Amino acid sequence: MPTPKTPVIRFSTLSRKYGPVVRADKMPDAEWQKAVAEGRFATVYHAENNWCEPVVAVIRRHGCVNTLCKLAFAKPVPPDVGTVVGMRNNDEAWSLCNPE
């Protein structure tokens with residue numbers, strides 16, 4: 001039986017409609033915990049050959065391996081949207097994921 005596809009959202013759309021987007025380690029812990037409780041967060045995964053390159057993010061999911069960073073959004077993303085794409089060539093995504 002085929003698995004249902006998870007609708008995706010481009011990072012630029014996510015930022016415009018549900019932002020601002022903030023890196024988790026740049027916000028107070030209480031604010032991050034609130035974003036997690038409300039499902040307004042995502043884990044960003046890096047490319048296999050470049051640990052600084054944001055490739056994809058999964059909304060409302062904590063990651064462990066290949067995690068580049070975690071992001072929080074100002075507004076909740078609809079529950080049927082689970083994957084963020086379009087991060088590789090997006091300057092805002094790069095600057096959020098690689099702040100130094």
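Are Trp32 and Phe41 buried or exposed? Select both. Trp32 is buried, and Phe41 is buried too. Keep in mind throughout that this is a predicted model.

**Stop 1: the aromatic pair**

Stay on these two side chains. A search of the whole structure finds 1 aromatic pair. Trp32 and Phe41 form it, in an edge-to-face arrangement. The centres are 5.6 Å apart, and the planes make 75 degrees with each other. A pair of aromatic rings is described by just these two quantities, the distance of the centres and the angle of the planes.

**Stop 2: the sheet**

Switch to a cartoon view. Look for an open sheet of 6 strands with mixed pairing. Read across it in the order β1-β6-β4-β3-β5-β2. Strands of a sheet pair through backbone hydrogen bonds, either parallel or antiparallel.

Now select residues 8-10 and 21-23, which are β1 and β2. They stand at the edges. Each has a single partner strand, so one side of each is left without a neighbour in the sheet. From one strand to the next, the twist averages 35 degrees.

**Stop 3**

Select 41-47, strand β3. Of its 7 residues, 7 are buried, so β3 is largely enclosed by the rest of the structure.

Look to each partner in turn. β3 runs antiparallel to β5, joined by 5 bridges. With β4 the pairing is also antiparallel, over 6 bridges. The link from β3 to β4 is a hairpin through 2 residues.

**Stop 4**

Move to 50-59, strand β4. β4 is joined to β6, residues 83-85, by 2 bridges, and the two run antiparallel. Ala57 stands opposite Val84 in β6.

Which strand holds Glu53? Glu53 lies in β4. Its relative accessible area is 11%. Buried means under 20%, so Glu53 counts as buried. Show what surrounds Glu53: beyond its neighbours within four places in sequence, it is in contact with Tyr45, His46, Ala47, Leu68, Arg88 and Trp94.

**Stop 5**

Select 11-18, helix α1. α1 lies across β1, β2, β4, β5 and β6. It runs at about 80 degrees to β1.

Next take residues 29-37, helix α2. α2 packs on the sheet and touches β3 and β5. Its direction makes about 85 degrees with that of β5.

**Stop 6: the cores**

Show nonpolar side chains. The largest nonpolar core has 20 residues. Which of them touch the most other members? They are Phe11, Leu14, Ile59, Leu71, Phe73 and Met87. The elements giving two or more residues are α1, β3, β4, β5 and α3 (91-97). β5 gives the most, with 4 residues.

Centre the view on Leu71. Not counting residues up to four places away in sequence, Leu71 touches Phe11, Val21, Val22, Arg23, Ala24, Trp32, Arg40, Phe41, Ala42, Val44, Met87 and Leu96. Both rings from the aromatic pair, those of Trp32 and Phe41, belong to residues on that contact list.

Finish on a second, separate core of 6 residues. Met27, Trp32, Ala35 and Phe41 are among them. That brings the view back to the buried residues of the opening, Trp32 and Phe41.

Methods: Residues numbered from 1 in each chain as written. Predicted model: local features only at pLDDT ≥ 70, side-chain atom pairs only at ≥ 80, totals over all residues. Heavy atoms only, no water. Core = buried A, V, L, I, M, F, W, Y, C linked by side-chain atoms within 4.5 Å. Buried < 20%, exposed > 50% of the residue type's maximum accessible area, 1.4 Å probe, protein only. Contact = heavy atoms within 4.5 Å. Pairing = 2+ DSSP bridges. Axes fitted to C-alpha atoms, helices over the stretch in contact; angles between N-to-C directions. Phe/Tyr/Trp six-rings, centres within 6.5 Å; stacked < 30°, edge-to-face > 60°.
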